[in-house]
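Colleague: I have a structure to go through and would like to ask about it step by step. Could you take the questions in turn?

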Amino acid sequence: MGALLKEWVFTTDHKRVGILYLIGSIAAFLVAGLMAMLMRLEQSTVGLNIATSPDDYNVWLYFHGAAMILGFLIPGLTGFFANFLIPLQIGARDVAFPRLNSFSVWLFWAGIVVALLTFVIPDKPDVMWTGYPPYSVKTLGNTAFYVFTVHLIGFSSILASINFIVTIIYMRAPGMGWNQMNMFVWCTFGAFIIQLVFVPVLAAAVTMLLFDKYLGTNFFNPAQGGDVLLYQNLFWFYSHPAVYVIFLPAVGILFDVIAAMGKNRVFNYKAAVYGGVFGIVLITGEVWVHHLYVAGMPDWLRIGQMVTTLLISVPVGLLVISLWGSLYRAAITFNTAMMYAAACLFLLLVGGLTGIPLAMTVLTVNLSETAFVHAHFHFVMALFAAFAMFAGVYFWFPKMTGRLADGPLATITFWMNLIGVNITFWPLFIIGFRGMPRRYYDYAMFPEFQPYHQVATVGALITGTAMALMVINWIWAAAKGKKAENGNPWRAKSLEWTHADCPAGPGNFPGPDPKLDADWTPYNYAK
Amino acid sequence: MANHSASHAGGAHAHHWEISTYPAIVAVGVLFLVPMAFSAWFVYHSLLLTVLFAGIGTPLVLWGVSGWIGEGMSHKALLPGVAVAGLPVFIISEVFIFLSIFASYWMMRLMADVWPPEGTPAMPFGLPIFMTVVLVTSSVTIHIAEEKQEKGDLAGFRSMLMLTIALGLVFLACTIYEYSHLLGIGFVPGTNAFSTVFYSLTGFHASHVLVGAAVFVAVLIPAFSGKTNLTFTKCAGIYWHFVDLVWFFVVSQVYFW
Ligand SMILES: [Cu+2]
């Protein structure tokens, strides 16, 4: 037992590092999900319900946002999935820097620890996940813990970016050309480029916050010549691209799941890679000002940013077309992974289409800071990205554990999840459109919205129950689930299925190093 | 698990789960040393907790880092020399940290009615030029050191490395001298917008000089017992050239604009 624990804690193997990321991100997900339940219960009727003061609500809001984005979505996708899959899919025996990889995952865990300490320290952080000054500088809450959570997890993801960019460039199996890589590898490569460039800016922004609050500097202090909007610019310069750090690997998972479960090629592979992934990487740094539309700016800037924001839907659209096109003439097997993937296509459609009015300056001036925005980005980020992760977990579960997680409980929780989230977020679109502000603990001025809030709360409770059952199912399946009969239960064509065992062992490939023919592709189902 | 012998290419063909204790130790050390100790001091104003956390964190970080370097010097990488490709990628992210501070500076300065803001003393002229000369020279000396190591001239390598470290320390001494002078006349980080930028830019850069010098020391110590690793030296050198290059931007923006 002690030896086993040592082998896990100090592991430098990319698959085990990946699973450590997975455990940490599921922990963050469950606690942050609990916060969501508390907030929905708080809003079920007008007035204070379960919170003892509005401050409680702010702390829940802080933890929910920070932990879901920094602790669950980003580490789940670029930590767990990237770690577990990239070396397997490119035919490498590990990453370029295995010890750095172990360091990354423990820095991430350190960030999780700092975030969880929120619940035991006095003066809990209460600055949302955005940490806007002047409130974050003036609050009595511990803004330092917010800053350090960002630092630890941010530094961890910069190191991961370096590791994987180098790994993908230099460690592909002999014969694997750029156009023969899995879509997941391409999409994640794009996400890592974005992280490498933009996370440092976030780290700098929150460091300035830390200095302003605790060392008395003047970055965001207008009284001494600082600029309070500077923070919002730096923050969103990172945080808009962060959407694509989440979106791209999620899309990558969907490509691999859909192609394998449909036994089909990826439609328009080159357009998706060179137009979609690289289009996003190129444009993503030029749209952040759309988060500041209502903060005051000249019209020419607003209109310019509207154009770039709408422009980025072109590469996103290329990826979506490829996803749908990969279903054309596919022989689909609806296992749990494929059901989640199919649900993602719907969720992305809703999330994407409701983003268009928000890009339009004339509409967003009215919709900004309403529950409409809240519902929109939950469809894109929370639901789409999380469902894609669930698709991936079910799909690669045999590769991790040697067992299948599919079964009645997986199917039931899938339908509860899908129905629950739609019950939760559609009412928020409606009341958001009619003026319900987001982030408020109470809505005494809008008592007529109470029924909508109640419906949303019921939906959240269904979802919460389903998510908890789903995680229990995973834990049960990892120990007792049906054994995968061979290394390739889905009869897929990419390297992690054709060349590695279930579960994949040390050094990844029991045979000799993979070498690939010129006409090999991970999606060669026609032959 | 039959034909393992078919491939020896990378030399790191694992039959067992690879482990390393040091990265996790460093991470735990960082957790105590940075978030915990900082918060104990600045947020909760507790000397006892600060000393406790720093006392746990510091030895863990030192132990972990030195062990990690030792492993890095002796273990063979899956892809030998790959660190030389990784370091420039790391530098890209560093560039963006510096750019954030520069962008903040430009935004504040270009929005201001008067510049420099009230309370800014005259900046020195000769000192920054001297510091520039010192840093450029050290870039040359580390380059020579690398060449000596490649030729196998260990003694020459060590002396050029020591010269580089000395030049780095001279640079840091200049920074300390200037800071103590400016702080003495009341120009502190909180004085105005320029003081905030001044200390952030020069301080962040100086921290890079310090890290670079520390890395050179880590290269130097094993070199006395004849142990060298060219990849390690090259990485340290690339980093040092970057620190040198950034200084041109810092010095031109802070002192001569
Ligand atoms: Cu955005």
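Colleague: How many residues of chain B are in contact with chain A, and with how many residues of chain A?

Modeller: This is a predicted model, so each value is computed from predicted coordinates. Contact here needs C-beta atoms within 7 Å. By that test, chain A contributes 57 residues, and the number from chain B is 54.

Colleague: Which helix of chain B gives the largest share of the side that touches chain A?

Modeller: Helix 1 (22–42), helix 2 (47–74), helix 3 (83–111) and helix 6 (193–224) of chain B each supply at least two residues of that side. The residues of the side divide into 36 nonpolar, 16 polar and two charged. The largest share is 14 residues, and it comes from helix 3 of chain B.

Colleague: Which residues touch the most other members of the largest nonpolar core?

Modeller: The core has 255 residues. It draws at least three residues from each of domain 1 (13–75) and domain 2 (81–254) of chain B, two domains whose C-alpha centres lie 25 Å apart. The residues that touch the most other members are A:Leu254 and A:Ala391.

Colleague: Which helices are included in what covers the buried residues of helix 9 of chain A?

Modeller: Helix 9 of chain A runs over residues 269–283 and reaches 20 Å, close to the 21 Å expected. Its buried residues are A:Tyr269, A:Ala272, A:Val273, A:Gly276, A:Val277, A:Gly279, A:Ile280 and A:Val281. An α-helix has 3.6 residues a turn, so residues three or four places apart point the same way. The cover includes helix 7 (183–214), helix 8 (228–262) and helix 11 (313–325) of chain A.

Colleague: And which helices are included in what covers the buried residues of helix 7 of chain B?

Modeller: Helix 7 of chain B has 25 residues and reaches 36 Å from its first C-alpha to its last, close to the 36 Å expected. Among its buried residues are B:Tyr239, B:Trp240, B:Asp244 and B:Trp247. The cover includes helix 3, helix 4 (126–151) and helix 6 of chain B.

Colleague: Is A:Met68 buried or exposed?

Modeller: A:Met68 lies in helix 3 (residues 54–90) of chain A. Burial takes 20 or more other C-beta atoms within 10 Å. A:Met68 has 25 within that distance, so it is buried.

Colleague: How far apart in space are A:Met68 and A:Met381?

Modeller: In sequence, A:Met68 and A:Met381 are 313 residues apart. A:Met68 also touches A:Ala382, along with A:Ala32 and A:Leu73, not counting residues up to four places away. From C-alpha to C-alpha, the distance between A:Met68 and A:Met381 is 9.8 Å.

Conventions
Residues numbered from 1 in each chain as written. Chains lettered and ligands numbered in written order. Predicted model: local features only at pLDDT ≥ 70, side-chain atom pairs only at ≥ 80, totals over all residues. Contact = placed C-beta atoms within 7 Å. Helix = DSSP H or I, 4+ residues; strand = E, 2+ residues; numbered from the N terminus. Nonpolar A, V, L, I, M, F, W, Y, C, P; charged D, E, K, R; others polar. Domains from an automatic or database assignment. Core = buried A, V, L, I, M, F, W, Y, C linked by C-beta atoms within 7 Å. Buried ≥ 20, exposed ≤ 12 C-beta atoms within 10 Å, placed from the backbone. Expected span 1.5 Å × (residues − 1).
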